[in-house]
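Take a brisk walk through this fold with the coordinates open.

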Amino acid sequence: GVEVYEGRVMLTGATRDNKLSDEAVRLVWEVNGVKDVINEIQLDRNATAIDFAQDAWITTQLKSNLTFDSDIMAINYAVETVRGRVYLIGVAQNKTELSKVIAHASAIKHVTNVISHVRLKKKPFEAL
């Protein structure tokens with residue numbers, strides 16, 4: 001998977017060959033405007049179709065939960081799941097919102113870990 005947020009590129013997935021992961025990172029850095037590459041590609045020699053289906057179901061549930069939570073601006077988050085690990089990237093309005101997003105992810109069956117690459121929204125300049 002590839003998610004891009006504010007010039008930050010998060011790569012996720014599983015491969016049997018580290019060379020493929022390294023090549024993906026190299027190719028991303030060649031793209032104009034890339035500020036950061038987050039390589040979350042896992043070395044995995046035993047992934048099955050059931051694993052991929054379960055990961056897709058986790059991602060779907062989380063996106064739905066975020067969308068219907070009125071305290072969360074779901075549009076500000078991208079979600080990928082690999083082997084039960086949920087990866088998040090985006091911008092949270094504040095720490096409370098990010099905590100809720102992580103709590104939603106953690107509560108889903110078969111989630112083993114939540115890895116956040118989410119940044120907190122910068123506060124606008126306030127006059128004194």
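Buried means under 20% relative accessible area, exposed means over 50%, and partly exposed lies in between. The model is predicted. Apply those cut-offs to histidine 104. Its relative accessible area is 22%, so histidine 104 is partly exposed. This residue sits in helix 3. Its side chain makes a polar contact of 2.7 Å with the side chain of aspartate 69. Beyond its neighbours within four places in sequence, histidine 104 is in contact with Leu62, Asn65, Leu66, Asp69 and Ile72. Glutamine 61 is 43 residues away in sequence, yet the C-alpha to C-alpha distance to histidine 104 is 9.3 Å.

Now the sheet. Strands of a sheet pair through backbone hydrogen bonds, either parallel or antiparallel. Here an open sheet of three strands runs in the order 4-5-6, with mixed pairing. Strand 4 and strand 6 each have a single partner strand, so one side of each has no neighbour in the sheet. From one strand to the next, the twist averages 10°. Strand 5 and strand 6 are parallel partners over eight bridges. Within that pair, isoleucine 89 stands opposite histidine 117 of strand 6.

Helix 2 touches strand 4 and strand 5, and its direction makes about 155° with that of strand 4. Helix 3 touches strand 4, strand 5 and strand 6, and its direction makes about 160° with that of strand 6.

Finish at glutamine 42, in strand 3 (residues 36–43). Is glutamine 42 buried or exposed? Its relative accessible area is 12%, so glutamine 42 is buried. Its side chain has a polar partner: the side chain of tyrosine 87, at 3.0 Å. Tyr87 is also one of the contacts of glutamine 42 outside four places in sequence, along with Gly13, Ala14, Thr15, Val82, Arg83 and Arg85.

Conventions. Residues are numbered from 1 along each chain as its sequence is written. This is a predicted model: local features need pLDDT of at least 70, side-chain atom pairs count only at pLDDT 80 or more; totals for chains, interfaces and linings use all residues. Side-chain values use heavy atoms; hydrogens and water are left out. Helices (H or I, at least four residues) and strands (E, at least two) are DSSP runs, numbered from the N terminus. Buried means under 20% relative accessible area, exposed over 50%, partly exposed in between (1.4 Å probe, protein chains only). A polar contact is a pair of N or O atoms within 3.5 Å; within protein, one must be able to donate a hydrogen and the other to accept it, and residues adjacent in sequence count only if both atoms are side-chain atoms. Contact means heavy atoms within 4.5 Å. Two strands pair if DSSP finds at least two bridges between them. Axes are lines fitted to C-alpha atoms, for helices over the stretch in contact, and angles run from 0 to 180 degrees between N-to-C directions.
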